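Welcome! Have a look at the sequence and the model below, and then let us walk through a few local features together.

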Amino acid sequence: MSKREFPFDESCPMQLKTHVNTTEFEKSNNMENIYTKTLEALRDGMERYENGEIKEEIANESINCDRCRQTKTGRGVKCAFCERNACGDCRRQCAHCDKMFCLLCLVANYDERYVRYFCLGNFPE
């Protein structure tokens with residue numbers, strides 16, 4: 001006796017039985033509630049910003065860079081290796097671990113088209 005033929009068209013996707021618990025149904029409804037509350041909070045915040053109730057504050061910190069010894073305004077970042085303050089001109093991001101380091105704790109690599117900086121722990125050999 002031969003097998004019976006496939007009754008569906010070739011383009012018809014396979015249909016599987018799925019069982020939905022009441023807890024799964026409640027979770028999906030809960031996610032919809034969370035989405036609507038978040039959307040309402042975003043819209044309320046935007047209306048308050050447009051009405052002038054919320055003001056944007058720009059922080060102008062002055063930092064003392066330990067590398068160039070200058071006092072600069074802006075956001076300073078501590079080196080992930082030596083923990084010294086580094087201004088925007090004296091810090092780079094490691095190409096391997098993506099952490100910020102001062103120029104004393106980085107090694108420049110000129111093997112490729114662009115200069116890549118590596119921290120002392122991740123320098124390729």
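What follows covers a hairpin, a salt bridge and some cysteines.

## About the model

This is a predicted model, in which local features need pLDDT of at least 70, side-chain atom pairs count only at pLDDT 80 or more, and totals for chains, interfaces and linings use all residues. Residues are numbered from 1 along each chain as its sequence is written, and side-chain values use heavy atoms, with hydrogens and water left out.

Strand 7 (residues 106-109) and strand 8 (residues 116-119) run antiparallel, joined by 4 bridges. Strands here are DSSP runs of E with at least two residues, numbered from the N terminus, and two strands pair if DSSP finds at least two bridges between them. The two form a hairpin with 6 residues between them, and Ala108 stands opposite Tyr117.

Asn109, in strand 7, is buried at a relative accessible area of 5% (buried means under 20%, exposed over 50%, partly exposed in between, with a 1.4 Å probe and protein chains only). A polar atom of the Asn109 side chain lies 2.8 Å from the backbone nitrogen of Asp111.

## The salt bridge

How many salt bridges does a search of the whole structure find? It finds 1, where the term means a side-chain nitrogen of Lys or Arg within 4 Å of a carboxyl oxygen of Asp or Glu. Glu112 forms a salt bridge with Arg116, their closest N and O atoms being 3.5 Å apart. Arg116 is partly exposed, at 25%.

The structure holds 0 disulfides, meaning pairs of cysteine sulfur atoms within 2.5 Å. The sulfur of Cys82 is too far for a bond because its closest cysteine sulfur, in Cys79, is 3.7 Å away. For Cys97, the closest one is in Cys94, at 3.6 Å, again too far for a bond.

Technical notes:
Polar contact = N/O pair within 3.5 Å; in protein donor to acceptor, adjacent residues only side chain to side chain.
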